[in-house]
Amino acid sequence: MTYTGPERRKHPRISGRFIVSYRILDEIDNVDITQTKNVSLGGMLLTTNRPFDPGTKLALEIRLPFDPNPIIITGRVIDSYEVTRDLIYDTRIEFLSVDERHKNIINQTIGYYLKRGT
């Protein structure tokens, strides 16, 4: 499913495979690990092993190259669609809370990858 309409994103987006652990915000256990497909200051696209309903809030820990510690963010699912039947889903997430330090790390990562042309 490729969108070919006008660009509606507020923030530049980079393709990149960064490690992310995620869980539904209200659940303590049930953490899963995946990779991003792309990232921006406003959100990301993940590959997940199950679909999520739009509006589901997730606790996210993202590992980016410019910080040895994971970035902890709360996100909201925008949509989740099946890529491989009952196995792989692409899940779009909007960031809800990102502190200034982590915004700077995300911006630094995006800027680095944009300059590299990846």
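Contact is taken here to mean heavy atoms within 4.5 Å. The structure is a predicted model, in which local features need pLDDT of at least 70 and side-chain atom pairs count only at pLDDT 80 or more, while totals for chains, interfaces and linings use all residues. Residues are numbered from 1 along each chain as its sequence is written, and side-chain values use heavy atoms, with hydrogens and water left out.

Asp 90 lies in strand 7, where helices (H or I, at least four residues) and strands (E, at least two) are DSSP runs numbered from the N terminus. Not counting residues up to four places away in sequence, Asp 90 touches Lys 37, Leu 45, Leu 46, Thr 47, Asp 79, Ser 80, Tyr 81 and Val 83. Asp 90 counts as buried because its relative accessibility is 5%, the classes being buried under 20% relative accessible area, exposed over 50% and partly exposed in between (1.4 Å probe, protein chains only). The side chain of Asp 90 also makes a polar contact of 3.1 Å with the side chain of Lys 37; such a contact is a pair of N or O atoms within 3.5 Å, of which, within protein, one must be able to donate a hydrogen and the other to accept it, and residues adjacent in sequence count only if both atoms are side-chain atoms.

A nonpolar core is a set of buried Ala, Val, Leu, Ile, Met, Phe, Trp, Tyr and Cys residues joined through side-chain atoms within 4.5 Å. The largest such core holds 24 residues, of which Met 44, Leu 60, Ile 62, Ile 73, Phe 95 and Ile 106 touch the most other members. At least two residues of this core are supplied by each of strand 2 (19–24), strand 4 (43–48), strand 5 (57–62), strand 6 (71–84), strand 7 (88–97) and helix 1 (100–116), and helix 1 provides the largest share, 4 residues. With residues up to four places away in sequence not counted, Ile 62 touches Phe 18, Ile 19, Val 20, Met 44, Pro 70, Ile 71, Ile 73 and Phe 95.

Strands pair if DSSP finds at least two bridges between them. Strand 5 pairs in the antiparallel sense with strand 2 over 5 bridges, and with strand 6, also in the antiparallel sense, over 6 bridges. Leu 58 of strand 5 is the bridge partner of Ile 24, and the bridge partner of Leu 58 in strand 6 is Gly 75.

Arg 50 is found in the loop between strand 4 and strand 5 and is partly exposed, with a relative accessible area of 30%.
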